[in-house]
Amino acid sequence: MTTELRLEAITPANFETATALEVRPDQQHLVAPVVKSLAEAYVHPGVAWPRLIVDGGRAVGFLMAFFDIDFAGDGTGNDVRSGLWRLNIAAREQGRGYGRFADEIRRRGGTRLTVTWHPGARGPEGFYLGLGFRLTGETSGDQTVGELDLAQQPAAGRSRTA
């Protein structure tokens, strides 16, 4: 990982690069392909925040965040959260620390980051727990919910966002 790490908005110029990103074959059943995430972003404008993760001039991953949503979905607004909706790190780029590059929630004043994942022996739970997420005991649909206290985590300090 270099110091030239940045998040780029998805544009016509980088759309093909973004949609060509693939996780390892054994992970494909655990995370939606980028093209599905972009379709979801299109139908959830103002909620989904899709970005290409670029290291220097090389696309290394994709993330889609959400900001200030009613997580419980009950209309009360008592459980407003921000978090990571998708994280796809290219198969050849995994294990280099790109999953730690998610400071946008902190920049916007958030204090916690929520993430969900499919449970299972070969799923991403160990990855998220290793980053400092804790299990909340909740589920969202058929997914496990984890949360990261951003006050307890150092900022990456080198992110640039678009």
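Thr114 touches Phe66, Phe71, Arg81, Ser82, Gly83, Leu84, Val145, Gly146 and Glu147, not counting residues up to four places away in sequence, where contact means heavy atoms within 4.5 Å. Thr114 lies in strand E5 and is buried, with a relative accessible area of 0%. Buried stands for under 20% relative accessible area, exposed for over 50%, and partly exposed for what falls in between, with a 1.4 Å probe and protein chains only.

The model is predicted, so that local features need pLDDT of at least 70 and side-chain atom pairs count only at pLDDT 80 or more, while totals for chains, interfaces and linings use all residues. Residues are numbered from 1 along each chain as its sequence is written, and side-chain values use heavy atoms, with hydrogens and water left out.

The strands form an open sheet of seven with the order E1-E2-E3-E4-E5-E7-E6 and mixed pairing; helices (H or I, at least four residues) and strands (E, at least two) are DSSP runs numbered from the N terminus, and two strands pair if DSSP finds at least two bridges between them. Because E1 and strand E6 (134–140) each have a single partner strand, they stand at the edges, and one side of each is left without a neighbour in the sheet. The twist averages 35 degrees from one strand to the next. E6 and strand E7 (residues 143–149) run antiparallel and are joined by four bridges, and Arg134 has Glu147 in E7 as its bridge partner. Helix H2 lies across E2, E3 and E4, running at about 35 degrees to E3; axes are lines fitted to C-alpha atoms, for helices over the stretch in contact, and angles run from 0 to 180 degrees between N-to-C directions.

A nonpolar core is a set of buried Ala, Val, Leu, Ile, Met, Phe, Trp, Tyr and Cys residues joined through side-chain atoms within 4.5 Å.

| Core | Residues | Members include |
|---|---|---|
| Largest nonpolar core | 21 residues | Ile53, Leu63, Leu84, Leu87, Leu113, Tyr128 and Phe133 |
| Second, separate core | 12 residues | Ala41, Phe62, Met64 and Ala90 |

The residues listed for the largest core are those with the most contacts inside it. Tyr128 touches Leu84, Leu87, Val115, Trp117 and Phe133, not counting residues up to four places away in sequence.

Gln28 is found in the loop between helix H1 (15–20) and helix H2 (34–43) and is partly exposed, with a relative accessible area of 42%. The C-alpha atoms of Gln28 and Asn88 are separated by 9.6 Å, although these residues are 60 residues apart along the chain.
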